[in-house]
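Dear colleague,

Please find the structure below, handed over for your own work. My notes on what was found in it follow.

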Amino acid sequence: MSERLSAADVAKVARMARLNISAADVERYTQQLDGMLDHFADIDNLQLADVQPMTQPFPLVNVLRADVEQPCLDREEVLGAAPAAEQGRFRVPPSGGEDE
Amino acid sequence: MSNFSTATSIAHNVASGAQSAVSIVEEHLQRITQREEEVHAFNLVTSAEARERAADIDARIARGENVGPLAGVPIALKDNMCTRGVPTTCSSKILEGWKPPYNATVVDKLFAAGAVFVGKTNLDEFAMGSSTENSAFGPTRNPLDTSRVPGGSSGGSAAAVAAGFAAVSLGSDTGGSIRQPAALCGVVGVKPTYGLVSRYGLVAFASSLDQIGPFSHSVADAALLTEVIAGHDPMDSTSIPKPAPSLVSVLGRGVEGMRIGRVADLPEGADADVLARLDAAFIALEKAGATIVDVKLPSLSYALTAYYLIAPAEASSNLARYDGVRYGNRVAANDMNTMYADTRAAGFGDEVKRRIMLGTYALSAGYYDAYYGKALKVRRLISNDFAAAYANADVILTPTSPTVAFPFGAKTDDPLTMYLCDIFTIPTNLAGHPAMSVPFGTGQANMPVGVQILAPTLGEEAMFKVAAVLESAA
Amino acid sequence: MIDNGLPEGWELVVGLEVHVELATKTKLFSGSPNRFGDEPNTNIDPVTLGLPGALPVLNEHAVELAMRIGLALNCTVKPSTFHRKNYFYPDLSKAYQITQYDEPLNVDGFLMLPGGVRIGVERAHMEEDTGKSTHFGGAGGRIHGSDYSLIDFNRAGVPLVEIVSHPDVRTAEQARQYVNELRAILVAVGASDAKMEEGSMRCDANVSVRKYGAELGTRCEIKNVNSVRSLGKAIEYEARRQIDVLETGGTIRQETRHWDETDGRTHTLRAKVDANDYRYFLEPDLVMLAPDAEWVERVRAALPVLPAARRTNLAVLTGADEDSEAIAVVVERGQDTYIQEVKNAGGDAGRALVWVQQSFAEEGNAPRLPAKDLAALTVLERDGKLTATQAKTVLGDMLEAGGGDPAAIAASKGFEALDTSVIEGFVDEGIAAQPDAWAKYCAGEEKAMGALVGTIMKLSKGKADGKVVTAILQQRRNG
């Protein structure tokens, strides 16, 4: 079994994606993801230097809208759906460190 | 075809007064009452609203109003389309109970066309899956054989139509999530050209691949629905700047002189019974005056890899907004990052987590070029292959799904096994082309087999013409 | 070698990143209002809040304003794309910011500072702003040690242009000039009101030092600078901090530092466990932005005369030094056109410049005093009929009345310029009255002149022209 992806990699990726997963799950995901990457290695040897990446199936250009006000959402409805709100704003716990 | 009323006939009868919308909706709600517990097509049945709406439709018709081309038609919506004031969960715990403050564009269009919403259907969580076994609220069962899956991710929408709970339904298709369940449930399923139908209000899975499309019993219904939901939307920057195409009118034109492509280098994996039905489809089309041409799509075997790098990458970004700050469910914590990590760990299921991590990895520093970057180039190769093929063919036929509907648990041990369900459907999403699945006989265990018709960009007319002929030959 | 205020041999290298809020009616990607000061979370829509299913659509006027900025900075407008910059923070509603990455709208421009220094502008690209977090509990509203935060998304999605200079700035003063000039340009083209105090213009500085001739040093990014004055102070502090580190054998760690106005120092932000990997990728929900040549030309043709050109024109008109404060101030107030009008009415542009600078601070760009009246006043001065002091008094009356005939006002006050011979007489009297001051002045004490001039002016009842008095005293001392 090739090792394209280690448990440390998975743990790092989980942190990056803000997913708190247990050590046991890290092991399990590592095995599964490693297996997938193994399968996906079929593209490794393709000669792609001259190929343009394709990001959008239907290429459009300059899709713009006029600078005209549209009706806004109702604040009460929106804050009513929020997990925590106060003084007309969304409330969250403090960040442990700067993340910007 | 089934014995259930088509949308076309319902709309006609309701508009003419021959049938009341109320009686139609009662008929469907009754079938829901009888079998929904067994099938579990829905996350939410909106019976009270449906009755009220049907009564309103009848009243307006009595007043002589033109209610629209879908007058009184009971329709179910996949639960990843925003419906104002009605819970939209994406079959995920993280959005359980969330009510959007706005409607998806397609919802507004269906409403303006006179449709009656009967409920929100079950799906694989966040549209990630091929069997609806990934739903956080329990799987949907194939109405034709409840020991088997309905397919996914739009399993609930396919089952709702197959079971007669709704005359038509909407699903979304990112790698085959309309077509594959359509094939497994024996109904028609369409993925339109990317950009033909607005994505505004469709909860995004993979932005450059997602499209909304209809499930129906008849090709004519699918054409009608596609006409209603298609067309330029200024709220979606990727929306094709054209009006909806006219499709119902082309259905009777036949396939005389059309060139039907057969993929000479089709990837392996389809069962013999499925391939047999595909062969029969080619024969039927030849009999109807079409010519079969061989086409080659050499990059097709790489499509799965490209898709399973691109889709999770986009998804990892699209699903980052589920953080417990503004909506959805939150796991409280003393600091923000813990809140994020705990909320998302608790709120997302296994497959979603897996794809988020795979996608994050594919985009991360040092790996972008090897994974995501390369996958985008493979995507171009596939698109080029199709372009070359369509120089010689008007449409291409393949199986929709490699197998008929499989039993629960048959493919859940190894995620890759499940991914292989999509080998024939994925390429069209990568290329942005339209494709549809039409039921064409049965295979193993008497389960339905679907044949997939692929067409080039904005080639819906050709696609539907072929579908109509196959339908009559099935 | 420039005087950069640093110890000898050290060169200061600064690049500036300025974020500007565009003056559009609505947000960059959606139609809710772009307005400062409204009740929290009232200017919101599905896109702003990052609701499931929301999609961005680009604001045409924002593109227009972004192009104005680019062209005013001599950039080339290019086909451009948008990317997602992915990171988690509560005021970022989608957990990604839509910005421009490797294909920005405007590239390769420059800005000329007063005095002729050229600062290269690498790019000016479009991006969306985040919401605003306010931290509660803990000490002083800072995020560390706070109990909770409240988020307002009114600002989320407001269109920004980020202007990135080349690291061509070499002194703190140049940095200040750059920001001031940039601000004047932004206001002139109508792209933004660019007020640092209100946050519609934000400035970060990338600061490094090196010995002259050496390779570029490691730079630190300085954030949280809230005024042009602070910018200068922060740069100076940071440069000295880095020199101290290097001179004691240390190395500079590349990092972001936070300027603290109260203690006058930069501080490290708390170290993160993982440096942010933004995982940039092309935004699939948007399409390419490629303004055609016609649109670009329309924008270019509609640009107003920019501040630098206006300063040059005013300098030519008035004979004053282009880099003088008078020229800078008058152009900034938009009163240069007024001076042209004064000249057109036959007045002396040079004198007009002095009066406008001194006395027109509150007048705005359309002074109430008719240009012809000021013109007449300057003519009286030029012809020697009024001293500067007398003219100032007359001007005061004219300003209060909103106009008037300066000759008549002067006559009514009994003003007339004095003959030189008469002034000589007053100088004699003055010297006689202040022999000590005269002695000191002759001995070289320039300050002693003040007392002499004062006495002479009193003797002449203010009618002597102060310049003439001074000249006579100098002549007598030297002659």
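In these notes, a residue is called buried when its relative accessible area is under 20%, exposed when that value is over 50%, and partly exposed in between. Please keep in mind throughout that this is a predicted model.

**A buried serine and an exposed lysine**

B:Ser207 has a relative accessibility of 0% and therefore counts as buried. This serine belongs to the loop of chain B that runs between β5 (188–191) and β6 (211–216). Leaving aside residues up to four places away in sequence, B:Ser207 is in contact with B:Tyr194, B:Arg199, B:Glu314 and B:Asn318 in chain B, and with C:Arg84, C:Pro284 and C:Asp285 in chain C.

C:Lys385, by contrast, counts as exposed because its relative accessibility is 51%. The lysine sits in the loop joining α10 (371–382) to α11 (388–401) of chain C. From its C-alpha atom to that of C:Thr256 the separation is 62 Å, the two residues being 129 apart along the chain.

**Chain A against chain B**

The size of an interface is often given as the accessible area lost when the parts come together. For chain A and chain B the buried area is about 5200 Å², with carbon and sulfur atoms giving 70% of it. Chain A brings 51 residues to this contact and chain B brings 62 residues.

Two kinds of polar pairing were counted here. There are 17 residue pairs in polar contact, both residues being at pLDDT 80 or more, and the interface holds 2 salt bridges. One salt bridge joins the side chains of A:Arg28 and B:Asp350, with an N to O distance of 2.7 Å. On the side of chain A that touches chain B, at least two residues each come from α1 (7–16), α2 (23–39) and β3 (89–92) of chain A. The most are given by α2(A), with 8 residues. Sorted by class, this side of chain A has 33 nonpolar, 9 polar and 9 charged residues.

**Chain A against chain C**

Between chain A and chain C, about 4200 Å² is buried, and carbon and sulfur atoms give 56% of that area. The contact involves 34 residues of chain A and 64 residues of chain C. Across this interface there is 1 salt bridge, formed by A:Glu69 and C:Arg35 with their closest N and O atoms 3.5 Å apart. Residue pairs in polar contact, both at pLDDT 80 or more, number 23. Two or more residues of the side of chain A that touches chain C are supplied by each of α1, β1 (64–65), α3 (75–80) and β3 of chain A. The largest share, 4 residues, is that of β3(A). By class, this side divides into 14 nonpolar, 8 polar and 12 charged residues.

Strands of a sheet pair through backbone hydrogen bonds, either parallel or antiparallel. The parallel sense is found between β1(A) and β2 (residues 58–59) of chain C, over 2 bridges; here A:Leu64 stands opposite C:Leu58.

An open sheet of 4 strands, with antiparallel pairing, runs in the order β2(A)-β3(A)-β9(C)-β8(C). At its edges stand β2 (85–86) of chain A and β8 (132–136) of chain C, each with a single partner strand, so one side of each has no neighbour in the sheet. Within chain C, β8(C) and β9 (residues 148–152) pair over 5 bridges in the antiparallel sense, and C:Phe136 has C:Tyr148 as its bridge partner.

**Salt bridges within chains**

Over all chains the count comes to 55 salt bridges. In chain A, A:Arg4 and A:Asp44 form one, with closest N and O atoms 3.5 Å apart. A:Arg4 lies in the segment before α1 and A:Asp44 in the loop between α2 and β1, so the pair ties together parts 40 residues apart in sequence. With a relative accessible area of 29%, A:Arg4 is partly exposed.

In chain C, the salt bridge between C:Arg476 and C:Glu424 has its closest N and O atoms 2.8 Å apart. This pair links helix α16 (residues 466–478), which holds C:Arg476, to helix α13 (residues 420–433), which holds C:Glu424, 52 residues away. Finally, salt bridges with shared partners join A:Asp25, A:Arg28, B:Asp350, B:Glu351, B:Arg354 and B:Arg355 into one network.

With kind regards

Conventions: Residues numbered from 1 in each chain as written. Chains lettered and ligands numbered in written order. Heavy atoms only, no water. Buried < 20%, exposed > 50% of the residue type's maximum accessible area, 1.4 Å probe, protein only. Contact = heavy atoms within 4.5 Å. Buried area = accessible area lost by both parts, 1.4 Å probe. Salt bridge = Lys/Arg side-chain N within 4 Å of Asp/Glu carboxyl O. Polar contact = N/O pair within 3.5 Å; in protein donor to acceptor, adjacent residues only side chain to side chain. Nonpolar A, V, L, I, M, F, W, Y, C, P; charged D, E, K, R; others polar. Pairing = 2+ DSSP bridges.
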